[in-house]
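Please look over the sequence and the 3D structure below. A short briefing on some of its features follows.

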Amino acid sequence: MILPILLYGNKKLRKKNIKIYNNKNIIKIINNMFDTMYFYKGIGLAAPQIGKNINLFIIGIKNIKITVINPKIIKYSKKNIISKEGCLSLPNIYEKIVRKENILVKYYDYKWKKHIKKLYNILSIIFQHEYDHINGKLLIDYLSKKKKNKIKKKLNLLY
Ligand SMILES: [Zn+2]
């Protein structure tokens, strides 16, 4: 099922998200999130973006499909990587964001299998972007005040 995506300005995008415990509803939410992400041509989607304030996000790029539950970034590389990022909650906005080139992460998948692994480049970037979402942070928060104001004007046109 394709769900509506919450846009910038919605308070749910800024709320604290809660830890998930094993329950059957999660699979339904995950399936709906994948339907929604693919429909809107995203490469990642976090639960708060569909109005669920829980520690869950998904990644889908090329043939890679990852469900991330209760994640933690354990270690960040010193090396940075810069790329233009977009966000389904900030339509038509693409900005250069500095991220860490690789990260060591811990999370559970939809089968509740625990993963500890290192992610590089694009996967590292998407993971950090979605991890921000479940911490109530958006890519706009990384920008200078001047740039933020410019974007806010653009975003106001959405309403
Ligand atoms: Zn986003």
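Rings of Phe, Tyr and Trp (its six-membered ring) count as a pair if their centres lie within 6.5 Å; planes under 30 degrees apart are called stacked, those over 60 edge-to-face, and the rest tilted. On that basis, a search of the whole structure finds six aromatic pairs. In one of them, Phe-127 and Tyr-131, the ring centres are 6.3 Å apart and the planes are at 25°, so this pair is stacked. The model is a predicted one, in which local features need pLDDT of at least 70 and side-chain atom pairs count only at pLDDT 80 or more, while totals for chains, interfaces and linings use all residues. Residues are numbered from 1 along each chain as its sequence is written, and side-chain values use heavy atoms, with hydrogens and water left out.

**Aromatic rings**

- A pair of aromatic rings is described by the distance of the centres and the angle of the planes.
- Phe-127 and Tyr-131 are four residues apart in helix H2 (residues 121–133), so about one helical turn separates them. Helices (H or I, at least four residues) are DSSP runs, numbered from the N terminus.
- Phe-127 is buried, with a relative accessible area of 0%, and Tyr-131 also counts as buried, at 14%. Buried means under 20% relative accessible area (1.4 Å probe, protein chains only).
- Phe-127 and Tyr-131 form one aromatic cluster with Phe-57 and Tyr-107.
- The charged end of Lys-65 sits over the ring of Phe-34, 4.7 Å from its centre. For this, NZ of Lys or CZ of Arg must be within 6 Å of the ring centre and within 35 degrees of the ring normal.

**Zinc site**

- Cys-87 (SG), His-129 (NE2) and His-133 (NE2) coordinate the zinc ion at 2.0 to 2.2 Å. Donors are N, O and S atoms within 2.8 Å of the metal (3.2 Å for Na, K and Ca); water is not among the atoms, so sites may look incomplete.
- The sequence spacing of the donor residues is C-x41-H-x3-H.
- His-129 and His-133 both lie in helix H2, four residues apart, about one turn of the helix.
- His-129 counts as buried at 8% relative accessibility, as does His-133 at 1%.

**Thr-36**

- Thr-36 lies in helix H1 (residues 25–39) and is buried, with a relative accessible area of 0%.
- A polar atom of the Thr-36 side chain lies 2.9 Å from the backbone nitrogen of Leu-3.
- The backbone oxygen of Asn-32 lies 2.7 Å from a polar atom of the Thr-36 side chain.

Notes:
Helices (H or I, at least four residues) and strands (E, at least two) are DSSP runs, numbered from the N terminus. Buried means under 20% relative accessible area, exposed over 50%, partly exposed in between (1.4 Å probe, protein chains only). A polar contact is a pair of N or O atoms within 3.5 Å; within protein, one must be able to donate a hydrogen and the other to accept it, and residues adjacent in sequence count only if both atoms are side-chain atoms.
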